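Hello,

Here is the structure I promised to pass on to you. Have a look at it first, and my notes follow below.

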Amino acid sequence: MDLHGRRKGFATAAVLAVLALIASACGASPRVTREVEARDQNGLSTGVAASAAGGTASGQLAQADGAGAAAGAAGGTSGGAAAGGATGSAARKAGAVSGPAAGTAGQVAAGACGAAAPAGGNGGATDTGVSADTIKVGGTFFNGNYLDKYSQVTEQAVKAYFQYTNDQGGICGRKIQFIACDTAGTADGTKGCLSKLADQDKVFTMGPSLDFNLNIVQPTLAADKLPWVGDSGLYGEEFSSPWMFPTQLNGTDVGALIATFAGQTLHTKKAGISLLNDVAGPGCTKRAQEAAKALGYDASATASNGQVETSLDNQVATLQNAGVDTVLFCNDPVNTIKFIQSAQRRGWKPANGFVGGFVAADDVPAAAGSYAAGMYGFTSFDFYKSNTPGIQQYRAITENYYPNTFHHFYEQAAYIGAEAIVAALRKAGPKLTRADFLSALKSFTDFDTGMGLHINFANIGSSQLSSGLMLKADNSLKWQVLTGRFKSAA
Amino acid sequence: MLRSFWEDSAKRNRAIVLVLVAAAALVWPLLTSKTIHFYGALSAIYALVALSLVILAGWTGQISLGHAAFLGFGTYIGQKLLTAGVPVPIAVLAVAAFGAVISLALGIPSLRLRGVYLTIVTLAFGAACQRYFFQLESVRGFRSHTVPRPSVFGISTASDKGLYYVVLVVFAIAIFMAWNLRRSDTGRTLFAIRDSEEAAQALAVHIAPYKIGAFALSAALATTAGLFYGMLYGATPGPDQFGILQSFFLLALPVVGGLESLWGAVVGGAFLATAQPLVNVFHIRLFLASSVALILVALSGYDGVTGMIAALYRSVRDALVGRERVRYGSFVPEAEAETNGKAHVHVKVLGEAVPGSVLRLRVHGAEVEQ
Amino acid sequence: MTRFLGYVVAGLANGTIYALVALGVVVIYRISRVVNLAQGAMGVFATFCFYYVFIGDWGLPVAAAFVLTLFVGAGLGVGVERAFVGPVRKRGTLVTLVMTVGVLLLLTEATVQIWGPNTPPIPSIFPDNAIRFGGTGVTAHQFATAASVLLLAGGLFYLLNRTRYGTAIESIAEDPGAARIVGLPVRRIVTATWAIGGASAALAGMLYIHLNTLDQISLTFVLIFSLVAAVLGGFNSLPVAVLGSLGVGVTFSLAQGYVKTPGFAELVVFLALLVVLLLRQQQTSLETVAEF
């Protein structure tokens, strides 16, 4: 290349670099991360500020708790002054959910370690990732991916809950240090992050995450004897690994539940299933068909698609030709949207409508357009806009630390993962080891997430506790809660 | 012989660099932590992929947009073989042969025609693999399978460090073969074809077998890399990890590293493997950073990072030792053509020839005939 | 029979989109001898401007925004050529192709960073009234898409094969230096051709995304089928590229409709391409693409 051309090349390069700077400035991620880091680094001083601000949050919580507040005062005795807010949440659980289910987080918070718990032996460093004053927890997020909007608020929710716990005095005098790692959604990124967190940062446990490719980490976890609590359960492998404890409903159970809804509430005679031919899609379809069989209706018609399809016209045609009266979606949100749009183009709306399995984010009906009015959407947690005490607490905590955050159901799952970790850490007590942590976690056979769903950590693959509720999109294409919580028929 | 070798400064310098790099490649894992070992092993695997693309794109001018699919076949087929207890060396040969056979099915219809056909056939192949072949239960299916990591000639691959050494040996063998091939008649014929098919044809060279052969070699290397990729993970990633977009990224490897020097493969492999941890340090987004880096390297006008280093070396040397009287102008690998009698030098002029300019050649130990 | 017709109609509808993308790719290939892998990303970027900036921020009527977006697409095409592809063209096919991959990544990243991954439905200037054919429906929008493919293909065919401009493109692609010596305004013609390619990308983006929601990457997957179609015409013939696109669309649709195995349609397209290439004889008319 001649000199002139090269100089021009560099000029364009300079322009490019400026463009890149602008683009990265546009992206919220670096700025937000910096704020969080500043907060993390300031540690105690922000802690004070946050507890001052947190006063309003707990105030809201206390109001929301209502009847639970009294129980909070009773439960607060052994918790001591430092754990004030935490016992508030314990009280909420004790108050809001009665019966044996109320065990778990609440009792643990109040019970296992008192206000001035002594650190265990070895100067407090009782196990990998535990020191006298910190417990390291790692997490992976696909923030560099195109879906970063969703993973960023998920990371924020986790940080908010851990920060909240720290501001209340931490766990037996230790603060949780959450180390997030960006994988950009690639397999290399996930494996590299896991290696960094496990071998370099030496985390005590892996924590809530929103990441792809968690179906290939099991050999590493087993080799390192490293648990992973609160992953988002996108893959079946996460539910069968002895080291992983996803806090999301298994995708297969979603299939059973939406089929149950279609049979019991919509009285479907013949359903068709639109499925993603990957991740949870096939398993979801299988269980949906089993549930349909148990309820005595036909769900044999299926139409599958890949993650990126240029058109779903044929999938719509297949189900329309099969003459189905209900379409069940074991599909991802984007393809659910495409399917409904294609159906609209063909002027076809099944008699009982569309039943979405993985759609509990507000943009799905809005993006799908007018044919999505009246569609049903499944959620395993209480809807993030409802007013149950648990949801109010979750919104108060996340929005206190991140006022501009928004909510979706993977974010709820991660938040619950953080709750479960804190509860298990409290139960394991001051002499913290991974073995104790795991047995504490597995003792939660009926863990109340505070958002309706209960989880059995002793048998995470079991669908015994699986339940959920249905939303319906109104005419302005916003979700409204339609049903109460129900269980699968099969 | 040895003395003359030592007196030839270019050869001597190259030998010193080679020894230094080889020593560094062997020693660094002993001084670093497990996390770095993972990235080392990943770099070596991607270097193998980069080498396969250097051979295909750099030597024959053909482009594959489905190379990730070969990587995928290597991972999935390799998993089956290793699970069945096949020793690693035999598994390597088997998956390499498998890749080569597939490449023939793609290459024979498309490479006997001139033009973009291979590019598009590999693209359609990549899509078919991602959506169809890799979804088959007999290939991968919907569940991740465990990949065993058996020892190779006494080297345990259970740790990433051990696996790194195994891949390093395979890479060393591959790059030695490539280096030898490049100096051979076959190598020179490949360059001739790349630079002008018409001219090569005029010299009665049958083009298609060379191109098909180079593609087969390239595919075999990529599938071998896939086998080790699966071993590094200990599990089989989903089909989307070997999809079309991944193939696009892989193409960047030789461009970033440099096409002329075989070291370019090493640099390209390390670039792809370590991009993620690097961007994490600076909190920037992977796709943004890598696309900007890619564009800047391409716009710089140098032949990748190795080209930049070479240019830097030359300018430093010029400043210290004084300017060399004659300069290169050729692509022929700097390795020399050994001939008895007349040397045939194949030259391609990059860029537009300025009218009145003179082409200068550097020929060692021979007299230039005008 | 109605089922069959339904699949054929759906396939033709998709084929028109493949054809739109293919036309842009072929035009750019004719002048620059590079397969522009960023074609889909350019279309998506322009369409996001259409929806978020022209309609959303500026409140323009849809028709005005539509026309403006075509200019944005043309501008993108020119920008990509001037800043990225042009400077590296002399460094060979691989570097040029990788440059378009870089542009693809950069544009997609910019789209996500500026507008986020939201997927709202975007309007079309054509109505969505369904016109019924037996068991299937085709909207006026889809008819308009088909019509614009025909118009664009016809116009480009005339331009490239029947005017001096087309001859100039051919000569520039073969030997820019010689073209300059005989006095052709090389830069201007290259720029104009990329502008056409970019505008057709924007057109494809708007027409496609109206059918398939605003998502950043699927138009790049449309490109796969467009390239398969274009290769049937040796990247040379616009009519073959259009017919090939329709053929690929119908083949894909029938395979997908009748065989339930996931991915079977992709397999059929791949095998069909292999068979077509096996049957093809080496033709002298392919000489112009020999440099790839």
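What percentage of the contacts in chain A with a separation of 6 or more comes from residues 24 or more positions apart? The share is 69%, where two residues are in contact if their C-beta atoms, placed from the backbone, lie within 7 Å.

Before the rest, some housekeeping. This is a predicted model, in which local features need pLDDT of at least 70, side-chain atom pairs count only at pLDDT 80 or more, and totals for chains, interfaces and linings use all residues. Residues are numbered from 1 along each chain as its sequence is written, while chains are lettered from A and ligands numbered from 1 in the order in which they are written.

Chain A has 490 residues, and 61% of them are buried (20 or more other C-beta atoms within 10 Å of the residue's own, with C-beta atoms placed from the backbone). Its secondary structure comes to 18 helices and 15 strands; these are DSSP runs, numbered from the N terminus, with H or I and at least four residues for helices, and E and at least two for strands.

A word of care about chain A: its average pLDDT (the predictor's confidence in each residue, from 0 to 100) is 79, and 75% of the residues score at least 70. Over residues 1-111 of chain A the pLDDT stays under 50, and the model has 155 contacts beyond four places in sequence for them. Residues 114-119 of chain A are also below 50. Where pLDDT is low, the predicted coordinates should not be read in detail.

Now to the interfaces. Between chains B and C, the contact takes 39 residues from chain B and 41 residues from chain C. On the chain C side, helices H3 (62-88), H4 (93-115), H9 (218-232) and H11 (264-279) each supply at least two residues, and H4(C) gives the largest share, 11 residues. That side divides into 31 nonpolar, 6 polar and 4 charged residues (Ala, Val, Leu, Ile, Met, Phe, Trp, Tyr, Cys and Pro count as nonpolar, Asp, Glu, Lys and Arg as charged, and the others, Gly among them, as polar).

Chain B also touches chain A, in a contact of 35 residues from chain B and 41 residues from chain A. The largest share of the chain B side, 7 residues, comes from H13(B). By class, this side of chain B has 16 nonpolar, 14 polar and 5 charged residues.

Best wishes

How values were computed. Buried ≥ 20, exposed ≤ 12 C-beta atoms within 10 Å, placed from the backbone.
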